[in-house]
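These are my notes on the model, point by point. Please read them with the structure open.

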Amino acid sequence: MVNQALQFGAVAGRCDDSAGKDLKMADKLDDAAIKSAVRTLDGWEHDEHRNALVRRFEFADFSTAFGFMTRVALAVEKAGHHPEWSNVYRRVDIVLTTHSAGGITGLDVELAKTINRLAAG
């Protein structure tokens with residue numbers, strides 16, 4: 001799990017969008033880039049009202065859900081980019097958006113990928 005946390009934490013400050021443009025990770029993505037990203041993010045959706053990536057995870061029980069949240073917390077702390085989330089028993093709801101950019105950025109897309117890897121175990 002530590003390697004996955006480090007992998008996200010070591011992400012460079014730039015990414016490529018679907019059109020091959022080089023973007024700063026914290027630049028707000030346009031609608032086309034968001035749609036392209038969502039197609040690659042298993043289980044994630046674009047909440048247009050919040051301008052955020054959202055996903056619900058369900059686990060066998062509270063302990064498993066809490067363990068997942070702990071692994072995610074270690075990765076996001078290392079990366080310095082934190083989700084909005086909530087936990088009710090075995091369910092974890094996650095919202096990813098970059099408030100300083102006013103919407104979804106490459107940071108959110110990369111964090112969603114990291115969270116998916118952590119959820120897969």
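1. Phe-57 is buried, with a relative accessibility of 4%; buried here means under 20% relative accessible area, exposed over 50%, and partly exposed in between (1.4 Å probe, protein chains only). The rings of Phe-57 and Phe-59 are stacked, because their centres are 6.3 Å apart and their planes lie at 15°. Rings of Phe, Tyr and Trp (its six-membered ring) count as a pair if their centres lie within 6.5 Å; planes under 30 degrees apart are stacked, over 60 edge-to-face, and the rest tilted. Both Phe-57 and Phe-59 are buried.

2. The model is predicted: local features need pLDDT of at least 70 and side-chain atom pairs count only at pLDDT 80 or more, while totals for chains, interfaces and linings use all residues. Residues are numbered from 1 along each chain as its sequence is written, and side-chain values use heavy atoms, with hydrogens and water left out.

3. How many aromatic pairs does the structure hold? There are 5 aromatic pairs. One of them joins Trp-44 to Phe-57 edge-to-face, at 6.1 Å centre to centre and 75° between the planes. Trp-44 lies in the loop between helix 2 (31-40) and strand 3 (45-47) and Phe-57 in strand 4 (residues 52-58), so this pair ties together parts 13 residues apart in sequence. Helices (H or I, at least four residues) and strands (E, at least two) are DSSP runs, numbered from the N terminus. Trp-44 is also buried, at 4% relative accessibility. Ring pairs link Trp-44, Phe-57, Phe-59 and Phe-68 into a cluster.

4. Helix 2 has Ala-33, Ile-34, Ser-36, Ala-37 and Val-38 as buried residues. Their cover includes strand 3, strand 4 and helix 4, where contact means heavy atoms within 4.5 Å.

5. Thr-97 sits in the loop between strand 6 (91-96) and helix 4 (106-120). Is Thr-97 buried or exposed? Thr-97 counts as buried, because its relative accessibility is 11%. Leaving aside residues up to four places away in sequence, the contacts of Thr-97 include Arg-50, Asn-51, His-81, Glu-84 and Asp-108. A polar atom of the Thr-97 side chain lies 3.4 Å from the backbone oxygen of Gly-103.

6. Phe-62 belongs to helix 3 (residues 62-79) and is partly exposed, with a relative accessible area of 37%.

Notes: A polar contact is a pair of N or O atoms within 3.5 Å; within protein, one must be able to donate a hydrogen and the other to accept it, and residues adjacent in sequence count only if both atoms are side-chain atoms.
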